[in-house]
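Keep the viewer open and follow along.

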Amino acid sequence: DFYFADKSIANAFVQFISAMVPVKTRFSKKLVGTDVHSNISRLQHTISAEIAATCKDDLVLPTKKASATLGPCLPLVKRVTSQVKLINPSTGVEVDISSESYWRKPFVTVLNASFLTEFIVLDVEPYERRRARDEMKHHFSQHTVMAEAIVARSSDFGMNDETLTVV
């Protein structure tokens with residue numbers, strides 16, 4: 001809970017939060033007191049802001065509209081700003097969900113980042129370079145490249161030689 005002496009400062013704070021994460025706001029006012037002799041009323045303004053529960057690295061159930069773009073998958077939340085950016089981990093396809101779209105139908109979080117296991121990347125090799133160039137070129141953003149990686153679980157690192165090859 002935040003308390004502000006001036007309504008304009010409270011509105012500026014809500015606008016700042018809205019620029020950082022998807023927010024649903026409600027405004028209300030309540031009559032606190034009135035002076036009938038001078039015809040002056042005192043109002044208490046309340047702004048309720050609900051912040052999106054989706055966080056970076058969450059595995060979510062997408063909406064039908066997002067599924068049409070991403071394909072059949074459980075996407076990861078790549079970034080949360082004033083929009084939510086989802087990525088299909090198997091193809092690299094990304095989609096931005098606006099704050100308004102998010103609040104119309106919020107995502108169901110299947111797993112959050114606390115269930116992730118940390119791995120150390122030992123080697124990376126671009127995944128089927130020719131196929132990605134010829135067939136799937138339009139699916140990748142400028143910053144997403146599919147690759148084959150050899151990884152080892154951080155908790156096991158140095159204790160055994162068990163590695164995994166992942167895409």
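Is K85 buried or exposed? K85 counts as buried, because its relative accessibility is 15%, and buried here means under 20% relative accessible area, with exposed being over 50% and partly exposed in between (1.4 Å probe, protein chains only). Before going further, some ground rules: this is a predicted model, where local features need pLDDT of at least 70, side-chain atom pairs count only at pLDDT 80 or more, and totals for chains, interfaces and linings use all residues. Residues are numbered from 1 along each chain as its sequence is written, and side-chain values use heavy atoms, with hydrogens and water left out.

So what does K85 do with its charge? The side chains of K85 and E94 meet in a salt bridge, at 3.5 Å from N to O; the term covers a side-chain nitrogen of Lys or Arg within 4 Å of a carboxyl oxygen of Asp or Glu. K85 also forms a salt bridge with D96, where the closest N and O atoms are 3.1 Å apart. That pair links distant parts of the chain, with D96 in strand β6 and K85 in strand β5, 11 residues apart. D96 itself is partly exposed, with a relative accessible area of 43%. E94 has another partner in K78, with the closest N and O atoms 2.6 Å apart. Here E94 sits in strand β6 and K78 in strand β4, 16 residues apart, again a link between distant parts of the chain. K78 counts as partly exposed, at 24% relative accessibility. Put together, K78, K85, E94 and D96 are linked in a network of salt bridges, and the structure holds 6 salt bridges in total.

Helices (H or I, at least four residues) and strands (E, at least two) are DSSP runs, numbered from the N terminus. Strand β4 (residues 76-80) pairs with β5 in the antiparallel sense over 4 bridges, where pairing requires that DSSP finds at least two bridges between the strands. L76 has I87 in β5 as its bridge partner, and the two strands form a hairpin with 3 residues between them. On to the next pair: β5 and β6 are also antiparallel, over 4 bridges, and K85 stands opposite D96 in β6. This hairpin has 6 residues between its strands, and G92 in the turn has a positive phi of about 85 degrees.

Now look at the two sides of β5. In a regular strand the side chains alternate between the two faces of the sheet. Both faces of β5 are covered: V84 and L86 on one side, K85 and I87 on the other, are all buried.

In soluble globular proteins, nonpolar side chains tend to be buried together. Setting aside neighbours within four places in sequence, F107 is in contact (heavy atoms within 4.5 Å) with T54, V60, L61, P62, T63, V84, L86, I97 and Y102. T63, in the loop between β3 (59-61) and α2, counts as buried because its relative accessibility is 17%.

Most residues other than glycine have a negative phi, and most peptide bonds are trans. N39, in the loop between β1 (23-35) and β2 (40-51), has a positive phi of about 60 degrees although it is not a glycine. N39 is exposed, with a relative accessible area of 71%. D57, found in the loop between β2 and β3, has a positive phi near 75 degrees and is partly exposed at 32%.

Finally, zoom out. The secondary structure comes to 4 helices and 10 strands, and buried residues make up 25% of the 167 residues in the protein.
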